[in-house]
Amino acid sequence: MQLLVIGLNHKTAPVAMREQLAFAAEDLPIALDSLKAITQGAVILSTCNRTEIYALAPEGQTLTSTMSQVIEWLAAFKNTPMEKIAPHLYQYQNNHALLHWVRVASGLDSMILGEPQILGQIKQAVRQSRAKEGISSKLSWVIQQVFAAAKQVRNETRVGSQAVSLGFAAAKLVTQIFQKPSNNTLLVVAAGEMNRLVATNIAGLGVGKVIICNRSPERAALLASELETIVPHIEITPFDQLPSVLPQADIVTSCSGSLYTLIDKTMVKQALKQRRHQPMLMIDLAVPRDIDPTVSELDDVYLYSIDDLQHVIAGNLEQRRQAAVEAELLVSQIVVAIERKYLVRQVGQDIQQYREQAKHHADMILSQSLQQLADGHAAEAVLTELTRKLTQTLTHAPSKLLRETASEQPVETVNFVAQHLTHAFRKDKCPYLTHNNTLIDDEPASPSFDNQ
């Protein structure tokens with residue numbers, strides 16, 4: 001297949017090295033342009049956890065040679081000594097490269113097993129390469145197979161179906177309790193890093209409004225600026241106004257780091273009364289807890305602590321690990337199927353070339369025969385000679401192939417080739433004759449990469 005992968009990830013390199021070899025958005029067009037000189041199409045995937053180059057070796061050049069050139073290019077482009085990069089790089093060729101790419105696209109090689117974002121990041125990397133005309137027809141075909149494989153793994157296994165981060169777990173709870181998040185208000189109590197991540201995931205569901213209650217107005221404003229592109233209404237309120245805004249909240253996430261309870265049972269009772277007992281989901285991420293645990297005794301309140309979420313995540317992660325075993329087997333089967341499809345397409349080009357050569361020789365023989373007829377030679381003798389020359393011309397290459405197969409290949413391969421060659425011209429098998437021996441049109445060659 002002439003496919004190669006060169007890269008490093010969270011398993012092989014520390015953060016400092018990953019940062020050093022990461023590609024900024026403004027660098028990618030230049031990098032993709034320069035890669036075209038040494039590859040037959042390339043894609044650069046650069047995320048916080050990995051930098052990888054997927055490429056095809058040019059026609060007539062070995063994979064080993066191309067891989068060496070790409071590694072040298074990477075070191076030069078990043079102005080980093082080769083000996084500093086080499087210990088952290090992995091290199092894959094052909095079916096191993098394809099297997100790795102499908103595993104990455106399926107989330108099986110991610111830090112969080114089964115996470116879905118990586119497939120979108122690969123698609124973005126492909127779009128960037130297409131924009132620079134950096135993808136050949138053959139590489140485009142490989143990419144289509146990778147995307148289809150990742151979709152199949154997602155559809156046929158549960159490797160990515162369970163939430164395994166606090167943010168995803170919290171968002172999952174919201175969808176289980178509220179049917180239309182667009183009608184709900186999210187109250188974010190304290191805008192620290194953990195609460196920011198959870199709030200961002202919940203806001204991403206399409207909530208109608210977010211209220212940020214934080215001691216620091218600057219940090220609250222920073223979170224508001226992050227959410228303003230996905231939430232239509234955002235409100236920032238002082239920390240001491242928490243009791244007054246609580247009744248507006250359908251969903252509450254809190255993680256203040258306070259040593260004292262911020263939301264007690266009495267406060268929630270009053271909020272429920274003003275809400276006419278519409279349900280509330282309360283997620284307490286703080287240790288010590290921000291929300292009085294006895295709040296869970298109230299009707300219409302769903303209270304989850306960080307321990308509750310961690311238990312959910314642990315169970316889901318174990319389910320993902322079990323599903324990953326099934327997914328790995330499926331990926332191996334898919335890669336074998338892709339390789340077979342590739343060979344069918346590749347041989348299509350060889351068939352086309354062989355037929356063109358055969359037609360060229362047949363045209364030459366026919367031209368000679370027509371000239372002999374024009375010179376007055378007997379038609380029967382001319383046709384007999386034409387048939388003899390055509391037979392010799394068209395059977396020379398298969399005969400030579402059969403001899404070479406017999407001398408170099410296992411007996412099973414020899415028998416397979418011989419059987420199909422000798423049976424090719426049986427009346428019931430010959431593709432060129434109908435049942436009454438009249439000629440029919442030739443069958444088309446197998447599709448090639450340039451005829452997709």
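Thr 253 stands opposite Ile 283 of β9, in a predicted model where local features need pLDDT of at least 70, side-chain atom pairs count only at pLDDT 80 or more, and totals for chains, interfaces and linings use all residues. Residues are numbered from 1 along each chain as its sequence is written, and side-chain values use heavy atoms, with hydrogens and water left out. Strands β8 and β9 pair in the parallel sense over four bridges, where pairing requires that DSSP find at least two bridges between two strands, and where strands (E, at least two residues) and helices (H or I, at least four) are DSSP runs numbered from the N terminus.

Both strands belong to an open sheet of six strands, ordered β7-β6-β5-β8-β9-β10 with parallel pairing. At its edges are β7 and β10 (301-305), each of which pairs on one side only, and the twist from one strand to the next averages 15°. Helix α8 lies across β8, β9 and β10 and runs at about 165° to β9, the angle being taken from 0 to 180 degrees between N-to-C directions, with axes fitted as lines to C-alpha atoms and, for helices, over the stretch in contact. Helix α9 also packs on this sheet, touching β5, β8 and β9 (contact means heavy atoms within 4.5 Å), and its direction makes about 175° with that of β5.

An α-helix has 3.6 residues a turn, so residues three or four places apart point the same way.

A second sheet, open and of four strands, has the order β2-β3-β1-β4 with antiparallel pairing. Its edge strands, β2 (42-46) and β4 (90-93), have a single partner each, so one side of each is left without a neighbour in the sheet. Within this sheet, seven bridges join β1 (residues 3-9) to the antiparallel β3 (residues 50-56), and Val 5 stands opposite Tyr 54 in β3. Helix α3 (residues 63-77) packs on the sheet and touches β1, β2, β3 and β4, its direction making about 35° with that of β1, while helix α6 (residues 117-131) touches β2 and β3 and makes about 135° with β2.

Helix α6 also meets helix α5 (residues 94-105): their axes come within 8 Å and cross at roughly 120°. In this contact, Trp 101, Val 104 and Ala 105 of α5 meet Ile 118, Leu 119 and Ile 122 of α6.
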